[in-house]
Amino acid sequence: MTHEPQQSAANPEPQAAPHPAFEAAYRAAQKSVNEGGIPIGAALARDGVVIASGHNERVQNGDPIAHGEMSALRAAGRQRWSWMISGAWT
Ligand SMILES: [Zn+2]
């Protein structure tokens with residue numbers, strides 16, 4: 001018999017704040033839903049800072065490759081310093 005610690009719903013363990021990129025991706029997903037699309041968002045971050053975000057637009061634009069990450073990369077590419085994007089993650 002094991003004695004796993006049990007987590008009480010009334011006293012949950014504190015959780016770390018979500019990374020700003022996850023919050024930006026979530027907001028982007030909500031935007032897609034508000035447009036009648038599917039709930040997928042993406043964000044591009046570097047050194048903990050969100051530098052772009054985007055959402056899936058497959059339904060809205062009838063574009064099968066309009067994924068959220070593609071939209072985020074397009075948004076990043078429109079920025080003036082886009083030629084120096086490196087070390088970023090989605
Ligand atoms: Zn995708």
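A: Strands E1 and E2 pair in the antiparallel sense, and six bridges join them. This is a predicted model. E1 covers residues 41–46, and E2 covers residues 49–55.

Take the bridges one at a time. Ala-42 stands opposite Gly-54 in E2. Arg-46 has Val-49 of E2 as its bridge partner.

Now the turn. E1 and E2 form a hairpin, with two residues between them. Asp-47 lies in the loop that links E1 and E2. Look at the backbone there. Asp-47 has a positive phi of about 50°, although it is not a glycine. Is Asp-47 buried or exposed? Asp-47 has 7 other C-beta atoms within 10 Å, so it is exposed. The cut-off for an exposed residue is 12 or fewer.

E1 itself is another matter. Five of the six residues of E1 are buried, so the strand is mostly covered.

What lies around the hairpin? Start with the overall order. The protein has three helices and two strands. Along the sequence they follow the pattern α-β-β-α-α.

Helix H1 covers residues 20–34. Check its length. H1 has 15 residues, and at 1.5 Å a residue they should span 21 Å. The end C-alpha atoms of H1 are 21 Å apart, which agrees.

Which residues of H1 are buried? They are Ala-21, Ala-24, Ala-25, Ala-28, Ala-29 and Ser-32. Seen down the axis of H1, these buried residues fall within an arc of 140°, so they line one face of the helix.

Val-33 has 14 C-beta neighbours inside 10 Å, so it counts as partly exposed. Val-33 can also be placed relative to His-55. The two are 22 residues apart in sequence, and their C-alpha atoms are 9.4 Å apart in space. After H1 comes Gly-36, whose phi is positive, near 90°.

Helix H3 covers residues 68–77. In H3, the residues Gly-68, Ser-71, Ala-72 and Ala-76 are buried. They cover an arc of only 140° around the axis, which puts them on the same side of H3. What do the buried residues of H3 pack against? Their partners are H1, E1 and E2.

The largest nonpolar core has 12 residues in all. Among them are Ala-42, Ala-43, Leu-44 and Ala-45, along with Ala-52, Ala-72 and Ala-76. H1, E1 and H3 each supply at least two residues of this core. The largest share, five residues, comes from H1.

Next, follow the chain past E2. Glu-57 sits in the loop between E2 and helix H2, which covers residues 58–61. Where does Glu-57 stand on burial, buried or exposed? Glu-57 has 21 C-beta neighbours inside 10 Å, so it counts as buried. The cut-off for a buried residue is 20 or more. Beyond its neighbours within four places in sequence, Glu-57 is in contact with Gly-37, Asp-63, Ala-66 and Ser-71. One of these, Ser-71, is a buried residue of H3.

Last, the contacts of the protein as a whole. Take those between residues at least 6 apart in sequence. Of these contacts, 36% join residues at least 24 apart.

E1 is mostly covered, whereas Asp-47 in the turn is exposed.

Note on methods:
Residues numbered from 1 in each chain as written. Predicted model: local features only at pLDDT ≥ 70, side-chain atom pairs only at ≥ 80, totals over all residues. Core = buried A, V, L, I, M, F, W, Y, C linked by C-beta atoms within 7 Å. Helix = DSSP H or I, 4+ residues; strand = E, 2+ residues; numbered from the N terminus. Expected span 1.5 Å × (residues − 1). Arc of directions from axis to C-beta. Contact = placed C-beta atoms within 7 Å. Pairing = 2+ DSSP bridges.
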